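Here is a friendly walk through one protein chain, written to be read with the structure open beside you. Take a moment to turn the model around before reading on.

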Amino acid sequence: MPVSKEKFPKYAILLFNSWVTLCNLTLITISSIWLASNPSKLGTNPELAFGITIGINILSILMLIPMFKLDKIPRFIIGAFIWYVIVSTIYLIFGLYLFAIIGTIQLAADIWFDFLLKKLDSNNS
């Protein structure tokens, strides 16, 4: 069930968005540094890996924007797991194991936020 924004702690949405954005910006930065300094770290096709990494992480940041406009925040953990599996699979295909680890840290933010949503929803029932 969606939880209204008024019942949320003021820090929760900002912390979640900051956490996810920092993970994505970290991946963009690492990818850019690797492409500039040692492209072989991005696999056999570094330009493709770089482009996909940038696209995935910018899209991930853009998907946070609607959260600021919603009055009620729905649970989205299933979508987060699907996103994680797809993105981690792409990173593992390219051999970007560090990126998959940072993606797991981002998934931890999704799990924490879902836990908070569940806790607030059960308190309001």
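What follows looks at the nonpolar cores, the aromatic rings, a salt bridge and a surface patch.

Please keep in mind that this is a predicted model.

**The nonpolar cores**

In general, nonpolar side chains of soluble globular proteins tend to be buried together. Here the largest nonpolar core has 14 residues. Phe 8, Ile 13, Phe 16, Met 67, Ile 73, Phe 113 and Leu 117 are the members with the most contacts inside this core. Two elements, helix H1 (10-37) and helix H5, each give two or more residues to this core. H5 gives the most, with 5 residues.

There is also a second, separate core, made of 13 residues. Leu 42, Val 87, Tyr 91 and Leu 96 are among them.

Which residues does Phe 113 touch, leaving aside its neighbours within four places in sequence? Phe 113 is in contact with Phe 8, Ala 12, Ile 13, Phe 16, Met 67, Ile 73 and Phe 76.

**The aromatic rings**

The count of aromatic pairs comes to 7. One of them joins Trp 19 and Trp 112, a tilted pair with 6.1 Å from centre to centre and 40° between the planes. This pair links distant parts of the chain, as Trp 19 sits in helix H1 and Trp 112 in helix H5, 93 residues apart. Trp 19 is partly exposed at 27% relative accessibility, and Trp 112 is partly exposed at 23%.

The rings of Trp 112 and Phe 113 also form a tilted pair, with centres 6.3 Å apart and planes at 55°. Phe 16, Trp 19, Phe 76, Trp 112 and Phe 113 form one aromatic cluster.

**The salt bridge**

How many salt bridges does a search of the whole structure find? The search finds 1. In this salt bridge the side chains of Arg 75 and Asp 114 meet at 2.9 Å, N to O. The two partners come from distant parts of the chain, 39 residues apart. Arg 75 is in the loop between strand E2 (72-73) and helix H4 (77-93), while Asp 114 is in helix H5 (residues 97-124).

Are these two partners buried, partly exposed or exposed? Arg 75 is partly exposed, with a relative accessible area of 36%, whereas Asp 114 is buried, with 10%. Leaving aside neighbours within four places in sequence, Asp 114 is in contact with Arg 75 and Ile 77.

**A patch on the surface**

Ile 58, Leu 62 and Ile 65 form a nonpolar patch on the surface. Together these residues have about 250 Å² of accessible area. Ile 65 lies in helix H3 (residues 65-69) and counts as partly exposed at 41% relative accessibility.

**Accessibility side by side**

The table gathers the residues discussed above.

| Residue | Relative accessible area | Class |
|---|---|---|
| Asp 114 | 10% | buried |
| Trp 112 | 23% | partly exposed |
| Trp 19 | 27% | partly exposed |
| Arg 75 | 36% | partly exposed |
| Ile 65 | 41% | partly exposed |

Conventions
Residues are numbered from 1 along each chain as its sequence is written. This is a predicted model: local features need pLDDT of at least 70, side-chain atom pairs count only at pLDDT 80 or more; totals for chains, interfaces and linings use all residues. Side-chain values use heavy atoms; hydrogens and water are left out. A salt bridge is a side-chain nitrogen of Lys or Arg within 4 Å of a carboxyl oxygen of Asp or Glu. Helices (H or I, at least four residues) and strands (E, at least two) are DSSP runs, numbered from the N terminus. Buried means under 20% relative accessible area, exposed over 50%, partly exposed in between (1.4 Å probe, protein chains only). Patches are made of residues with over 30% relative accessible area and no salt bridge: like charges are joined within 9 Å, nonpolar side chains (Val, Leu, Ile, Met, Phe, Trp, Tyr) within 5 Å. Accessible areas come from the Shrake-Rupley method with a 1.4 Å probe; for residues, only the protein chains shown count as cover. Contact means heavy atoms within 4.5 Å. A nonpolar core is a set of buried Ala, Val, Leu, Ile, Met, Phe, Trp, Tyr and Cys residues joined through side-chain atoms within 4.5 Å. Rings of Phe, Tyr and Trp (its six-membered ring) pair if their centres lie within 6.5 Å; planes under 30 degrees apart count as stacked, over 60 as edge-to-face and the rest as tilted.
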